[in-house]
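Here is a short briefing on one protein model. The points below are grouped by topic.

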Amino acid sequence: MNSLMQQMGEVLSQTQALRQQLKDVIDSSDLSYSPGGDAPTLGSLYRQLGETTQQYITGFKTFTHSYEPTNSDASMEHDLGALDTWLTELEQSLNGILSDFSEETLQTQLIDRGYGLQFPIVVNVQVYREALLIFCAKVSIYLRALGKESPDQWQLWIG
């Protein structure tokens, strides 16, 4: 196990578990909920998280982060099982890539994020984790509006 996964593997896994716990709280009918205005539906938020995860996977493979939308299937926004399966596969792929980095790569490789920013791999992992937490914070508002109780870990980590 490389130093990245030794230091951050457990907290990354626990953060990804937050997303996985949602399937015990919501169902596919909840995915069409939007609080109104220009706010996306809950299903759209899920798909955006998948696209963000795919962008990070590509960035960790190519060492260049792309902000271009991926070609995800918008019909998934209405199917919790499909979204969960897709995101689980993406998380497994991401974790595999992170686990396979050599120590030399972890210590020397930068990821070009555009706009003149280059971050070490470990910083990009932290930013990805922050994206997961932002997703959870958004979803927590939707859960409250739907009258759904957050899982225990959400109450501890998100509020």
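Which residues make the nonpolar surface patch of about 310 Å²? The patch is made by Val11, Leu156 and Trp157. This is a predicted model, in which local features need pLDDT of at least 70 and side-chain atom pairs count only at pLDDT 80 or more, while totals for chains, interfaces and linings use all residues. Residues are numbered from 1 along each chain as its sequence is written, and side-chain values use heavy atoms, with hydrogens and water left out.

**Surface patch**

- Patches are made of residues with over 30% relative accessible area and no salt bridge, with like charges joined within 9 Å and nonpolar side chains (Val, Leu, Ile, Met, Phe, Trp, Tyr) within 5 Å.
- Accessible areas come from the Shrake-Rupley method with a 1.4 Å probe, and for residues only the protein chains shown count as cover.
- Valine 11, one of the patch residues, is placed in helix α1, residues 3–21; helices (H or I, at least four residues) and strands (E, at least two) are DSSP runs, numbered from the N terminus.
- The relative accessibility of valine 11 is 31%, so this residue counts as partly exposed; buried means under 20% relative accessible area, exposed over 50%, and partly exposed in between (1.4 Å probe, protein chains only).

**Start of helix α1**

- Serine 3 is in helix α1 and counts as buried at 16% relative accessibility.
- Leaving aside residues up to four places away in sequence, serine 3 touches Glu103, Leu106 and Gln107; contact means heavy atoms within 4.5 Å.
- Methionine 5 is also found in helix α1, and is buried with a relative accessible area of 13%.
- With residues up to four places away again not counted, methionine 5 touches Glu10, Asn95, Leu98 and Ser99.
- Methionine 5 and serine 34 are 29 residues apart along the chain, and their C-alpha atoms are separated by 36 Å.

**Helix α2**

- Helix α2 (residues 42–62) has 21 residues and should span 30 Å at 1.5 Å a residue, which agrees with the 30 Å between its end C-alpha atoms; the expected span is 1.5 Å times one less than the number of residues.
- Of the 21 residues of α2, 15 are buried, so the helix is largely enclosed by the rest of the structure.

**Helix α3**

- Helix α3 (residues 80–100) has 21 residues and reaches 30 Å from its first C-alpha to its last, close to the 30 Å expected.
- The buried residues of α3 are Leu80, Leu83, Asp84, Trp86, Leu87, Leu90, Glu91, Leu94, Ile97 and Leu98.

**Salt bridges**

- There are six salt bridges, a salt bridge being a side-chain nitrogen of Lys or Arg within 4 Å of a carboxyl oxygen of Asp or Glu.
- Arginine 19 forms one with glutamate 91, with the closest N and O atoms 2.9 Å apart.
- Since arginine 19 lies in helix α1 and glutamate 91 in helix α3, this pair ties together parts that are 72 residues apart in sequence.
- Both arginine 19 and glutamate 91 are buried.
- Lysine 23 and aspartate 84 meet through their side chains in a salt bridge of 3.9 Å, N to O.
- Lysine 23 lies in the loop between α1 and α2 and aspartate 84 in helix α3, so the pair ties together parts that are 61 residues apart in sequence.
- Lysine 23 is partly exposed at 41% relative accessible area, whereas aspartate 84 is buried at 14%.
- Arg19, Lys23, Asp84 and Glu91 are linked in a network of salt bridges.
- Glutamate 51 and arginine 47 also form a salt bridge (2.9 Å, N to O); they are four residues apart in helix α2, and are therefore separated by about one helical turn.
- Glutamate 51 and arginine 47 are both buried.

**Positive phi angles**

- Phenylalanine 63 is placed in the loop between α2 and α3 and counts as partly exposed at 22% relative accessibility.
- Tyrosine 115, also a residue other than glycine, has a positive phi near 55°.
- Tyrosine 115 lies in the loop between β1 (110–114) and β2 (117–120) and counts as exposed at 74% relative accessibility.
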